[in-house]
Amino acid sequence: MNDRATLDHLRSRLSAQLTTLYPDHDCDALADKIIALFWPDPSQMLKREEIADKHLWDESDIALITYGGTIRCDGEKPLHSLHRFLKQHIGQTIGAVHILPFFPYSSDDGFAVIDYLQVDDELGDWSDIEAIAQDYRLMADLVINHGSSKSSWFQQFLSDEAPGNRYYYTADPAADLGQVVRPRSHPLLTPFRTSAGDRHVWSTFSADQLDFDFTNPDLLCEFIKIIADYIAHGVRIFRLDAIAFLWKKIGTTSINLDETHEVIRLLRTLMDHHVETLIIITETNIPNHENLTYFGNQNEAHVIYNFSLPPLLVHALLTGDALYLKRLTRSNPPALTGCTYLNFTASHDGIGLRPTEGVLPQGEVDQMLTAIQAFGGRLSMRRGPGGTEKPYEMNISYFEAMQGTLDGPDEYQIDRFMAAMAIMLALEGIPAIYIHSLLATPNGYEEVNLSGQNRSINRRQLDYEDISSKIDNPQTVEAQVFNRFRALIEIRKKQSAFHPNAVQFTLALPEGLFGIWRQSQDRKQSIFAVTNVTKNIKNLALVEINLIAGDQWWDLITGRSITDIEGDFALAPYQSVWITNASPEGG
């Protein structure tokens with residue numbers, strides 16, 4: 001890389017960001033060190049004027065979320081089985097794959113990492129990861145807030161040896177910790193006897209997941225090296241796990257602190273200047289107004305999770321009332337250039353309740369929780385300021401959450417589930433589909449009993465031959481969901497109006513109907529995506545969505561042509577339509 005101007009600009013920008021974090025350090029030297037760590041090959045640095053030319057995403061981008069060990073086959077490493085399953089059953093329907101932590105770990109199904117630079121031998125090795133990265137855009141977790149108590153760094157901490165003895169955040173139990181906000185109910189500090197005496201280590205998530213101390217710039221450099229290593233192995237999308245809790249300060253909430261945002265801005269600076277197209281996704285399961293701050297000024301996350309969507313979709317379909325879902329889509333601002341939302345319904349975690357705070361009245365939350373528990377779901381709790389406990393998330397398979405309404409189970413489970421998926425696929429942003437949603441996996445009670453963790457209900461492992469036979473048999477529930485899902489995805493990928501940054505406007509439709517208008521960036525295609533969220537037939541008065549006279553209109557899902565743009569369109573229970581003025585063959 002011979003562009004001296006780019007290098008000087010990058011060094012100056014990094015030094016300024018580092019000065020905010022580490023005012024007592026030589027930040028010019030630290031910037032040079034980080035540049036050398038991130039770019040072992042300087043030719044991989046992008047010229048400043050080339051950054052805007054990066055192609056980040058389009059309407060064809062769909063992500064699949066899975067554990068590396070979800071698909072199992074006797075005599076074969078799970079990552080190899082996963083890759084084979086993707087090639088045999090998914091193909092190019094999905095363009096990106098998020099493999100949840102695939103490193104050696106000690107708890108929390110991978111989120112207590114022992115060694116960041118190795119693949120868990122039980123799953124496979126780096127060659128398996130690289131093979132998947134050859135066929136799919138690979139997303140991986142950077143578990144940056146905390147690490148395993150079994151790691152070499154923490155063993156160094158216990159023996160008071162460098163460098164690990166300075167990598168963990170400790171606090172005096174008598175300190176002012178009453179304001180700390182966290183998603184668990186166990187004690188915040190975990191005591192350990194070390195060679196340097198008794199120490200109390202910050203443990204946001206569990207006593208085995210010890211929080212790092214990023215006031216030490218050497219630790220930041222360690223993670224810069226880890227990121228560079230992941231890039232070399234084919235990772236292109238980085239999910240910053242639990243990033244909101246990264247920086248701690250005694251006497252504060254220790255969540256969403258300015259320093260945390262500055263670390264993200266620094267990582268964005270590095271990734272924007274890399275020759276590969278790298279994307280940052282922040283995992284911040286917090287109230288929506290706080291979540292939105294992680295876009296920054298187009299200089300933090302490229303993508304933020306739409307965490308409010310899963311619980312509000314559940315609520316709408318349980319109650320037949322889309323009021324609060326409409327409020328969400330109306331209140332979410334259009335993402336600016338270089339930013340977008342990650343829309344999802346389910347993940348390896350539960351259906352979060354914190355994003356409903358200030359959005360869904362407590363009475364509505366309570367009746368939703370009652371219904372979910374009646375459908376076999378569990379509740380996980382968190383401890384808030386003052387030590388009070390309250391529900392943090394609903395633990396249930398998303399397919400099982402669609403068993404019925406507040407009135408109880410009924411015959412519309414598949415249709416209701418697909419209504420949720422159709423809404424998710426139509427929204428502004430990039431869709432991300434959890435493998436257990438794609439495969440309509442039921443609740444895993446045995447897994448909960450074995451692990452003692454409510455979240456295990458939605459983390460089942462599947463036998464390759466068994467699940468393959470089910471999705472190949474059109475009579476099974478799994479096949480019906482899988483095939484309908486794939487059909488919707490294939491339609492969506494061809495529509496320019498479903499570009500992640502295409503215009504979105506929430507329609508003012510009668511009770512029981514949810515709808516949005518999407519318009520392509522070149523304004524040539526419009527799509528009116530409307531869903532009946534009730535178990536009754538609902539009439540959509542086409543005059544209310546203002547179809548332009550002179551254009552030919554179709555429903556993309558059924559292929560039905562619309563000849564009377566002022567007539568009524570009868571929607572069956574939980575039916576979705578994607579009405580467009582472009583050919584059904586593509587937008």
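This section describes salt bridges, a charged surface patch and some local backbone features in a predicted model.

The structure holds 34 salt bridges. In helix 6, which spans residues 217-232, Glu222 and Lys225 are three residues apart, about one turn of the helix. Their side chains meet in a salt bridge with an N to O distance of 3.5 Å. The two partners fall into separate accessibility classes: Glu222 has 16% relative accessibility and therefore counts as buried, the limit being under 20%, whereas Lys225 is partly exposed, with a relative accessible area of 39%.

A second pair occurs in helix 7 (residues 258-272), where Arg268 and Asp272 are four residues apart, again about one turn of the helix. The closest N and O atoms of the salt bridge between Arg268 and Asp272 are 3.0 Å apart. Arg268 counts as buried at 6% relative accessibility, and Asp272 counts as buried at 17%.

A further salt bridge joins Glu393 to Arg455, with the closest N and O atoms 2.6 Å apart. This pair links distant parts of the chain, 62 residues apart: Glu393 belongs to strand 15 (residues 389-395), and Arg455 to the loop between helix 15 and strand 19. Both Glu393 and Arg455 are buried. The two residues also take part in a network of salt bridges that links them with Asp108, Asp109, Asp349 and Arg459.

Arg459 is found in the loop between helix 15 (445-451) and strand 19 (462-463). With a relative accessibility of 10%, Arg459 counts as buried. Between Arg459 and Phe102 the C-alpha to C-alpha distance is 14 Å, while their separation in sequence is 357 residues. Asp109 is placed in the loop between strand 3 (96-99) and helix 4 (126-135). Its relative accessible area is 28%, so Asp109 is classed as partly exposed. Asp109 is not a glycine, yet has a positive phi of about 50 degrees.

Positive phi also occurs at Asp160, a residue other than glycine, with a value near 60 degrees. Asp160 lies in the loop between helix 5 and strand 6 and is partly exposed, with a relative accessible area of 38%. The loop between helix 5 (152-158) and strand 6 (189-194) also holds Pro163. The peptide bond from Ala162 to Pro163 is cis, with omega near 0 degrees.

Gln413 counts as buried because its relative accessibility is 17%, below the cut-off of 20%.

On the surface, Glu544, Asp564, Glu566 and Asp568 gather in a patch of negative charge. Of this group, Glu544 was placed in the loop between strand 23 (538-541) and strand 24 (553-555). Glu544 has a relative accessibility of 43% and so counts as partly exposed.

Conventions
Residues numbered from 1 in each chain as written. Predicted model: local features only at pLDDT ≥ 70, side-chain atom pairs only at ≥ 80, totals over all residues. Heavy atoms only, no water. Patch = residues over 30% accessible without salt bridge, like charges linked within 9 Å, V, L, I, M, F, W, Y side chains within 5 Å. Areas by Shrake-Rupley, 256 points an atom, 1.4 Å probe, with all protein chains shown as cover. Salt bridge = Lys/Arg side-chain N within 4 Å of Asp/Glu carboxyl O. Lys, Arg positive; Asp, Glu negative; His and termini not counted. Charge placed at Lys NZ, Arg CZ, Asp CG, Glu CD. Helix = DSSP H or I, 4+ residues; strand = E, 2+ residues; numbered from the N terminus. Buried < 20%, exposed > 50% of the residue type's maximum accessible area, 1.4 Å probe, protein only.
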